[in-house]
Amino acid sequence: MTMRLRPGVVTADTEYGMALLDQNSGEYFTLNPTAALIVRTLLAGSSSEETVAELTDRYAVSSEQVEEDITRILEELRAARLLAS
């Protein structure tokens, strides 16, 4: 399953990670560099498993921690209504 943002949500890379702008509400959300990497990887079509592998290869972090981070980030994006159904 590929993660997709809802129409009207745009992203911009920033010096500190990524910003997501909901053009409908005018609200924006910021992601730190690690969260931004997770979102970019998932938006590019990688699975959660591939995203875990990408982050554990890049950083000294356990796969369990990355899985928790992915779950938390997806929950927050859903709660903010930024993801497509």
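Analyst: Gladly, and one term first: a residue is called buried when under 20% of its relative accessible area remains, and exposed when that value is over 50%. Please also keep in mind that this is a predicted model.

User: OK, which residues of helix 2 are buried?
Analyst: In helix 2, which covers residues 48–58, the buried ones are T51, V52 and L55. They lie on the same side of helix 2, because the arc they cover around the axis is only 100°.

User: Why would residues a few places apart point the same way?
Analyst: An α-helix has 3.6 residues a turn, so residues three or four places apart point the same way.

User: And what is exposed on the other side of helix 2?
Analyst: There, E49 and D57 are exposed.

User: What covers the buried residues of helix 2?
Analyst: The cover includes helix 1 (33–43) as well as helix 3 (63–79).

User: Stepping back, in what order do the elements run?
Analyst: Starting at the N terminus, the protein chain runs β-β-β-α-α-α, which comes to 3 helices and 3 strands. With a radius of gyration of 13 Å, close to the 12 Å that the globule rule gives for 85 residues, the chain is therefore as compact as a globular protein of that length.

User: How much of the chain counts as buried?
Analyst: Of its 85 residues, 32% count as buried, while the accessible surface is about 5500 Å², with 48% of that belonging to carbon and sulfur atoms.

User: Changing topic, how far apart are the mean positions of the charges?
Analyst: The mean position of the 7 positive charges and that of the 14 negative charges are 8 Å apart.

Key
Residues are numbered from 1 along each chain as its sequence is written. This is a predicted model: local features need pLDDT of at least 70, side-chain atom pairs count only at pLDDT 80 or more; totals for chains, interfaces and linings use all residues. Side-chain values use heavy atoms; hydrogens and water are left out. Helices (H or I, at least four residues) and strands (E, at least two) are DSSP runs, numbered from the N terminus. The radius of gyration is taken over C-alpha atoms; the globule rule is 2.2 Å times the number of residues to the power 0.38. Buried means under 20% relative accessible area, exposed over 50%, partly exposed in between (1.4 Å probe, protein chains only). Accessible areas come from the Shrake-Rupley method with a 1.4 Å probe; for residues, only the protein chains shown count as cover. Lys and Arg count as positive and Asp and Glu as negative; His and the chain ends are not counted. The place of a charge is taken as NZ of Lys, CZ of Arg, CG of Asp or CD of Glu. The arc is that of the directions from the helix axis to the C-beta atoms. Contact means heavy atoms within 4.5 Å.
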